[in-house]
Amino acid sequence: MPDHYSVYPQGLTDPLARHHVPLVFTGGALQLKGQVDTPVDQTAIAATLLGMMGLPHDQLRFSRDAFDPGTAQAALFSIPGFFGWVTPTDTLVYDYDQRLFTISQSPDTATARRRMLATIQTLYSDFARRQ
């Protein structure tokens, strides 16, 4: 997974384009072949890779196997200033400075926003407990 802050082309400011990066798994231990257009974030890497190798990953609280059809397909990205949420049906970007959603595309915007905000709250609450 490339570093999305080493941006090419230079000056890329669209948060969705900036955070849309490929993830490529290679190696003999991996049985799945082909391309999957599943929205995932870096937290999914561990469980996905372990799942592909048939190894347990249930103790990884925030990681999920991107190829498990029973797992929520979502990618969350966050930097100072905004955070975003992408699922197969929803695309949301919230700007902290403006205190508004600058991108809000969903068949059920209210539910998508609640899920996104609940996920952020869960992550930050867990982080705060560990401090």
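Predicted model: local features only at pLDDT ≥ 70, side-chain atom pairs only at ≥ 80, totals over all residues.
Strands β2 and β3 form a hairpin with four residues between them. Five bridges join β2 to β3, and the two strands run antiparallel. Within this pairing, Gly84 has Val93 of β3 as its bridge partner.

## The chain as a whole

The protein chain contains three helices and four strands. Along the sequence, these elements follow the pattern α-α-β-β-β-β-α. The chain has 131 residues, and buried residues make up 31% of them. Its accessible surface comes to about 8900 Å², and carbon and sulfur atoms account for 54% of that surface. For contacts between residues at least 6 apart in sequence, 33% join residues at least 24 apart.

## The sheet

The four strands form an open sheet in the order β1-β2-β3-β4, with antiparallel pairing. The edge strands are β1 (75-79) and β4 (100-105), each of which pairs on one side only. On average, neighbouring strands of this sheet are turned by 10° against each other, direction ignored. Strands of a sheet pair through backbone hydrogen bonds, either parallel or antiparallel.

Strand β3 covers residues 91-95 and pairs with β4 in the antiparallel sense over five bridges. Two residues of β3 show how the strands line up. Tyr94 stands opposite Phe101 in β4, and Leu92 stands opposite Ser104 in β4. The hairpin of β3 and β4 has four residues between the strands, and in this hairpin Arg99 takes a positive phi near 55°.

Is β3 buried or exposed? Five of the five residues of β3 are buried, so the strand is largely enclosed by the rest of the structure. Both of its faces are covered. Thr91, Val93 and Asp95 are buried on one side, while Leu92 and Tyr94 are buried on the other.

## Salt bridges

How many salt bridges does the structure hold? There are four salt bridges.

| Residue with N | Residue with O | N to O distance |
|---|---|---|
| Arg64 | Asp41 | 3.6 Å |
| Arg61 | Asp126 | 2.8 Å |
| Arg129 | Asp126 | 3.6 Å |

In the salt bridge between Arg64 and Asp41, the side chains meet at 3.6 Å, N to O. This pair links distant parts of the chain, 23 residues apart. Arg64 is in the loop between α2 and β1, and Asp41 is in the loop between α1 (15-18) and α2. Both Arg64 and Asp41 are buried.

The side chains of Arg61 and Asp126 also meet in a salt bridge, at 2.8 Å. This pair, too, links distant parts of the chain: Arg61 is in the loop between α2 and β1, whereas Asp126 is in helix α3, 65 residues apart. Arg61 is exposed, with a relative accessible area of 53%. Asp126 counts as buried because its relative accessibility is 8%, and the cut-off for buried is under 20%.

Asp126 also forms a salt bridge with Arg129, the closest N and O atoms being 3.6 Å apart. Arg129 counts as exposed because its relative accessibility is 57%, and the cut-off for exposed is over 50%.

## A nonpolar patch

Which residues make the nonpolar surface patch? Leu49, Met53 and Leu55 make this patch, which is about 220 Å² in area. Met53 is found in the loop between α2 (44-52) and β1. With a relative accessible area of 36%, Met53 is partly exposed.

Conventions. Residues numbered from 1 in each chain as written. Heavy atoms only, no water. Pairing = 2+ DSSP bridges. Axes fitted to C-alpha atoms, helices over the stretch in contact; angles between N-to-C directions. Patch = residues over 30% accessible without salt bridge, like charges linked within 9 Å, V, L, I, M, F, W, Y side chains within 5 Å. Areas by Shrake-Rupley, 256 points an atom, 1.4 Å probe, with all protein chains shown as cover. Buried < 20%, exposed > 50% of the residue type's maximum accessible area, 1.4 Å probe, protein only. Contact = heavy atoms within 4.5 Å.
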